[in-house]
Amino acid sequence: DNSTFNGGAVTLRSASPGKGDAFAIVQSPQLATAGKELFWRGERIAAVLATTSGIRVAFNSERADLEAAQATLRAVGFANTNAAGGRETRALALEFDDGQGGKSQVTIDVDIVPVNDSAHLSVASPVWTYTENDGPRVLDPVATVRDVDSPSFAGGRVEAQLAAGHSAADRLVIVPSAHLDAPAPGTSGP
């Protein structure tokens, strides 16, 4: 039984970190960081090293007692800020070293769920030729849109506009197909 964990550490690491992964101490009124130091009830108790693959909190004070060590263990945090990523799982290893040769480790699987990510639009070619006075041509018959959050686009919209190099006579129209009913020319649709 330790009365202090001086020389011990709390480590959280990812074997395969992903884009946007971040590791930190989630602060509370009693536990706070300043620079690379951790303070428990206003007293410095540890050094903090955060990298893209994990975080290590190394206790370096006799003040790192059981209460401070448990508060630190409970405050180790993970976040992911990759707004373009899909659903992923991270296997994180959480380890506690008591500073006297005793170590314990658990694995935590974190399921990263995308929320409100932007849809991804792709076209076969951003450049094509149009012969003046030809009828309407489809801009891209194989254009695709994908959204990692949901297969439903309810509430969404498609917008197209003439961006540059156009004349007053140029028009954008919806070309009817077997999969789409277009409004009559000059109307705004249903």
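Visitor: Which residue's side chain meets that of E88 in a salt bridge?
Guide: The side chain of R90 does, at 3.0 Å from N to O. A salt bridge here is a side-chain nitrogen of Lys or Arg within 4 Å of a carboxyl oxygen of Asp or Glu. This is a predicted model, in which local features need pLDDT of at least 70 and side-chain atom pairs count only at pLDDT 80 or more, while totals for chains, interfaces and linings use all residues. Residues are numbered from 1 along each chain as its sequence is written, and side-chain values use heavy atoms, with hydrogens and water left out.

Visitor: Is R90 buried or exposed?
Guide: R90 counts as buried, because its relative accessibility is 3%. Buried means under 20% relative accessible area, exposed over 50%, and partly exposed in between (1.4 Å probe, protein chains only). E88 is partly exposed, with a relative accessible area of 29%. Salt bridges that share partners join D21, E88 and R90 into one network.

Visitor: How many salt bridges are there by this rule?
Guide: The count comes to seven. One of them is between the side chains of E67 and R41, 2.7 Å from N to O. E67 lies in helix α1 and R41 in the loop between β4 and β5, so the pair ties together parts that are 26 residues apart in sequence. Helices (H or I, at least four residues) and strands (E, at least two) are DSSP runs, numbered from the N terminus. E67 is partly exposed at 41% relative accessibility, and R41 is partly exposed at 39%.

Visitor: Which residue does D111 meet in a salt bridge?
Guide: R87, with 2.6 Å from N to O. D111 is in strand β9 and R87 in the loop between β7 (76-80) and β8, so this pair too links distant parts of the chain, 24 residues apart. R87 is exposed, with a relative accessible area of 58%, whereas D111 counts as partly exposed at 41%.

Visitor: Now the sheet. What is the order of the strands?
Guide: Seven strands form an open sheet in the order β3-β4-β5-β6-β1-β8-β9, with antiparallel pairing. Two strands pair if DSSP finds at least two bridges between them.

Visitor: Which strands stand at the edges?
Guide: β3 (31-34) and β9 (103-112). Each has a single partner strand, so one side of each is left without a neighbour in the sheet.

Visitor: How many bridges join β1 to β8?
Guide: Six, between residues 9-14 of β1 and residues 88-97 of β8. V10 stands opposite F96 in β8. On β9, the bridge partner of F96 is S104.

Visitor: And how many bridges are there between β8 and β9?
Guide: Ten, in the antiparallel sense. These two strands form a hairpin with five residues between them, and G99 in the turn has a positive phi of about 85°.
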